[in-house]
Amino acid sequence: MATQAAFLAGFSQLAAQPGRDRAVAVAVAPAPGPARVAVAAVGSAKLGVKAGTSRTAAVARLGVRCRASLIEPDGGRLVDLVAPEEGGRRAALRREAAELPHRLRLGRVDKEWVHVLSEGWASPLQGFMRDDEFLQTLHFNAIRGQDGRMVNMSVPIVLSVGDAQRRAIQADGATRVAVVDERDRPIAVLSDIEIYKHNKEERIARTWGTTAPGLPYVEEAITNAGDWLIGGDLEVIEPIKYNDGLDQYRLSPAQLREEFARRNADAVFAFQLRNPVHNGHALLMTDTRKRLLEMGYKNPVLLPHPLGGFTKADDVPLSWRMKQHEKVLEEGVLNPESTVVAIFPSPMHYAGPTEVQWHAKARINAGANFYIVGRDPAGMSHPTEKRDLYDADHGKKVLSMAPGLERLNILPFKVAAYDTKQKKMDFFDPSRKDDFLFISGTKMRTLAKNRESPPDGFMCPGGWKVLVEYYDSLVPSEGSSKLREPIAA
């Protein structure tokens with residue numbers, strides 16, 4: 001009970017801000033499906049729960065409300081922008097897109113954003129941002145919904161056009177344009193369009209807090225993009241597929257909610273990964289589930305949710321990371337009965353505290369009411385200086401204060417390290433700090449590249465083998481100067 005009380009008190013301390021009494025989590029209207037219990041601890045620093053307090057007393061003092069539901073999507077409903085097959089709408093939209101005179105060709109990142117928008121990860125957005133939404137996102141990290149409420153939206157989701165195409169569209173007075181892939185195949189139609197200036201410097205400065213050269217997303221998606229942005233309502237012809245052997249993991253928010261309901265989940269806790277998973281991550285996830293059970297939840301379900309869109313060149317590719325996740329489940333490091341592994345389709349900005357709000361907000365739309373956040377979430381090294389780009393603690397602090405995320409429980413990382421005495425990953429104990437070994441991501445990659453074995457218990461054997469195989473695949477084959485292709489997923 002002391003652990004439970006400390007856990008509850010920790011939520012209150014995270015959410016509390018001077019002069020601001022806010023809810024740590026708010027239970028909402030019932031969702032379809034089996035009854036599920038969502039617990040909402042309401043209050044601020046005034047609430048303190050002492051260690052040893054009984055659950056009944058703790059609940060009474062915290063003002064916990066129980067409602068049967070998964071957390072409500074932003075805006076009250078989950079947006080679905082894919083045309084239905086019923087009634088011939090999908091076929092009609094495909095014909096229209098083929099006949100429209102103006103066609104916007106998507107790059108890789110643009111297509112990933114179409115995927116994100118189409119499935120409702122960015123609910124309540126109905127398409128690529130118009131000027132008002134773009135400005136609200138840049139300056140407020142939130143947008144105003146149709147009901148007048150502000151919902152979190154911290155990164156711009158926009159589509160650029162060049163000057164020549166902008167002039168042609170405006171000269172024709174077009175209000176609808178086709179959206180096509182790199183092979184000129186119709187993907188969607190953008191309607192009620194608005195074209196406005198793409199102020200790249202302002203966008204970069206406000207999203208990343210710097211305009212230093214070398215920001216991966218900027219180089220991939222902004223530097224060479226058009227000088228205009230085009231926003232409008234998006235209707236997607238059919239679900240976005242990649243045909244890379246991983247589509248079965250790309251569950252939409254609606255599909256995830258259906259799966260959580262099928263499992264009778266009464267809490268969903270999400271953990272985003274863009275790096276290889278090791279036993280320290282597994283320890284954190286299993287410990288979180290244990291603490292949720294101690295709080296009174298009956299069936300908390302874990303959502304390990306690796307990011308599946310654009311990542312920088314030195315990150316381990318998605319197909320290899322998913323192989324690692326498969327091994328983690330196969331070897332019982334995580335319990336398959338209480339774990340749903342899926343891919344989050346968003347591209348990665350590496351925009352630190354700004355971007356981590358987007359990561360958290362999207363998981364609300366997928367049904368998660370708890371979000372695990374670690375050190376320097378969505379951060380990276382400064383591109384031109386020998387330091388981190390962001391303060392390592394700012395991400396979790398910003399999440400506890402961010403507008404529109406009041407309903408989400410933020411779970412800070414507990415520091416895990418390799419215990420040389422017990423020969424396993426464990427939570428760091430400062431009273432015997434010399435017994436612990438911290439293995440950085442850089443060190444882990446170096447060991448794998450050199451085919452050196454990590455300490456016993458650092459990573460499941462199958463997961464480590466996958467990581468070594470990946471780095472082996474980058475070594476030029478004998479008699480060839482080309483890199484070996486990664487094994488197909």
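A: The mixed sheet and its surroundings

Five strands, in the order 3-7-8-9-6, make up an open sheet whose pairing is mixed; strands (E, at least two residues) and helices (H or I, at least four residues) are DSSP runs numbered from the N terminus, and two strands pair if DSSP finds at least two bridges between them. The edges are formed by strand 3 (103-105) and strand 6 (160-161), each of which pairs on one side only. The model is a predicted one, in which local features need pLDDT of at least 70 and side-chain atom pairs count only at pLDDT 80 or more, while totals for chains, interfaces and linings use all residues. Residues are numbered from 1 along each chain as its sequence is written, and side-chain values use heavy atoms, with hydrogens and water left out.

Within the sheet, strand 7 (residues 176-180) and strand 8 are antiparallel and share five bridges, and V179 has A188 in strand 8 as its bridge partner. The hairpin of these two strands leaves five residues between them, and there D184 takes a positive phi near 70°. On to the next pairing: strand 8 (residues 186-197) is joined by eight bridges to strand 9 (residues 228-236), and the two run antiparallel. Along this pairing, V189 stands opposite E235 of strand 9, and Y196 stands opposite L229 of strand 9.

Against this sheet packs helix 4 (residues 108-119), which touches strand 8 and strand 9 and whose direction makes about 50° with that of strand 9. Contact here means heavy atoms within 4.5 Å, and axes are lines fitted to C-alpha atoms, for helices over the stretch in contact, with angles running from 0 to 180 degrees between N-to-C directions.

A pocket is found on a 1 Å grid over the protein atoms alone, as an open set of points where a 1.4 Å probe fits, with protein on both sides within 12 Å along at least five of seven lines, and lining residues have an atom within 4 Å of a point. The second largest pocket holds about 430 Å³ of space, where grid points are joined across faces, edges and corners and the volume is the space filled by probe spheres set on the points. Its lining consists of 22 residues, and R108, E112, G308, G309 and L318 lie nearest its centre. By class, the lining has eight nonpolar, five polar and nine charged residues, with Ala, Val, Leu, Ile, Met, Phe, Trp, Tyr, Cys and Pro counted as nonpolar, Asp, Glu, Lys and Arg as charged, and the others, Gly among them, as polar.

Helix 5 (residues 131-140) and helix 7 (residues 200-208) pack at an angle of about 40°, with axes 9 Å apart. The two helices are therefore oblique to each other, given that angles under 35 degrees count as roughly parallel, over 145 as roughly antiparallel, 65 to 115 as roughly perpendicular and the rest as oblique. Here F134, L138 and H139 of helix 5 meet E202, R203, R206 and T207 of helix 7, and this contact comprises two nonpolar, two polar and three charged residues.
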